[in-house]
Amino acid sequence: MGKTQLMKKILITGGAGFIGSRLALNLLSNGYEVTVLDNLSSQIHGNAPETESPLYRSIENKVVFIRGSVTDYNVFRDAAMDQDVVVHFAAETGTGQSMYEIKKYMDVNVGGTANLLDILVKEKHSVKKVIVASSRAIYGEGKYFCSEHENVFPASRNDSDLLQGDFECKCPYCQGKISLLPTSEDSLIHPSSIYGITKQTQEEMLFVVCKSIMIPVVAFRYQNVYGPGQSLTNPYTGILSIFSSLLMNEKEINIFEDGQESRDFVYIDDVVEATISGIIDHRADNEAFNVGTGIPTTVLQVVNVLAESLGVKAKIKISGNFRNGDIRHNYADLKKIGSKLNYLPGIPFQTGIREFVKWAGTQKFDCSNYTDSLIEMKKLGLFK
Ligand SMILES: NC(=O)c1ccc[n+]([C@@H]2O[C@H](COP(=O)([O-])OP(=O)(O)OC[C@H]3O[C@@H](n4cnc5c(N)ncnc54)[C@H](O)[C@@H]3O)[C@@H](O)[C@H]2O)c1
């Protein structure tokens, strides 16, 4: 029921990355032919990816690998021409960094998607479906309830409130207290970072153009994805990597705001499963879906679970610092993906963290570039 014709040949842009490489391995084990187009960005894969990147090495010699950028039209066209499905993951992915590398984020995330669409519109190709990695970042602060104004979608917080330690969002109409709700797909789209704007734009570009050429699109709005394989060196993504690195190096963790800010952490295998259902199930066509666990976890809870799994005592400083572009809370409403694609996240946070810690223990850690990233953001007035 609901399955489309067999689509065997899959191109994953950014397929050497965290989610892409895990998806590639899963698809290969299910008999798909996988091609990966990835430029092995040094922020993710280090300066010597061929020898140093565990993610690249996990797919090396298993997929057809093309080293190149989605911003290069000809390379992208050649990679995409004879595929059945394009899974478009290649992107710059740091929320904080996007606030001062604006052109780069637009060029790669929006420009890469523009190339893909030009290829689909102008070239002779066999692509029958596009999957795009969107993000919960498109919602900005997400959905809340105000006793007077019902469902509301607060704008990004003001520096003046944040500087006074007033971190919670307020009703946009009466400035009153509001309570957090799960964010559903029909919520207001109002990103609070350039990264979020690029993800919103990617979705919209694909839905508008692919409709006119009758190629179905599926957008997955991933929450915070974690698990074995996530970058331990990229200072802009993944607090789990950053915190683990600091914990293992017995360094103090600077907890931003008051530590009560929360995210929905979803395990990589649940994300891969949802993405594959998007590839094979036509009920996903031309829809956008949240992918998460539907459970908010605070930053302080993250530190505690990680420290317990690592068997270390956390040294923490709740600093009240904040980064522009960061949101206060967000967690997914999963009704749509649950009812249309039977998605049910299977891995609880504690279990997933154990798997992450087991894997991270086998990797090299380096938290120096995290500290550098904060210095850079502070210099630019984006970290307070
Ligand atoms: N990991 C998350 O929590 C999360 C959450 C929401 C959305 N997403 C989205 O999912 C997708 C995959 O995320 P990820 O966590 O695997 O990220 P990642 O950074 O691990 O992987 C991205 C990959 O894209 C490659 N890349 C970057 N620029 C490129 C370019 N110009 N041309 C070709 N390849 C390029 C990188 O080398 C990397 O291998 C991204 O689009 C991201 O925005 C991720």
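Predicted model: local features only at pLDDT ≥ 70, side-chain atom pairs only at ≥ 80, totals over all residues.
I'll start with the ligand. It is surrounded by 29 residues, and the closest of them are Gly14, Gly17, Ala90, Ala91 and Ala133. Several elements give two or more residues to this shell: helix H1, at 18-29, strand S2, at 33-38, helix H2, at 42-45, helix H7, at 102-122, strand S5, at 129-135, and strand S10, at 224-226. H1 gives the most, with 3 residues. By residue class, the shell around the ligand has 14 nonpolar, 14 polar and 1 charged.

Next, H7 again, this time for its packing. H7 and helix H9, residues 194-212, pack with their axes 9 Å apart and at an angle of about 10°. The pair therefore counts as roughly parallel, since the angle is under 35 degrees. On the H7 side, the contact includes Ile102, Tyr105, Met106, Asn109 and Val110. On the H9 side, Ile194, Tyr195, Thr198, Thr201 and Gln202 are among the residues that make it. The residues of this contact divide into 14 nonpolar and 5 polar, with no charged ones.

Last, the domains. The assignment for the protein chain puts 9-143 and 182-377 in domain 1, and 144-181 in domain 2. Their C-alpha centres lie 27 Å apart. Where the two meet, 15 residues of domain 1 are in contact with 14 residues of domain 2. What is the make-up of the side of domain 1 that touches domain 2? That side has 3 nonpolar, 6 polar and 6 charged residues.

Conventions. Residues numbered from 1 in each chain as written. Near = placed C-beta within 6 Å. Helix = DSSP H or I, 4+ residues; strand = E, 2+ residues; numbered from the N terminus. Nonpolar A, V, L, I, M, F, W, Y, C, P; charged D, E, K, R; others polar. Axes fitted to C-alpha atoms, helices over the stretch in contact; angles between N-to-C directions. Parallel < 35°, antiparallel > 145°, perpendicular 65-115°, else oblique. Contact = placed C-beta atoms within 7 Å. Domains from an automatic or database assignment.
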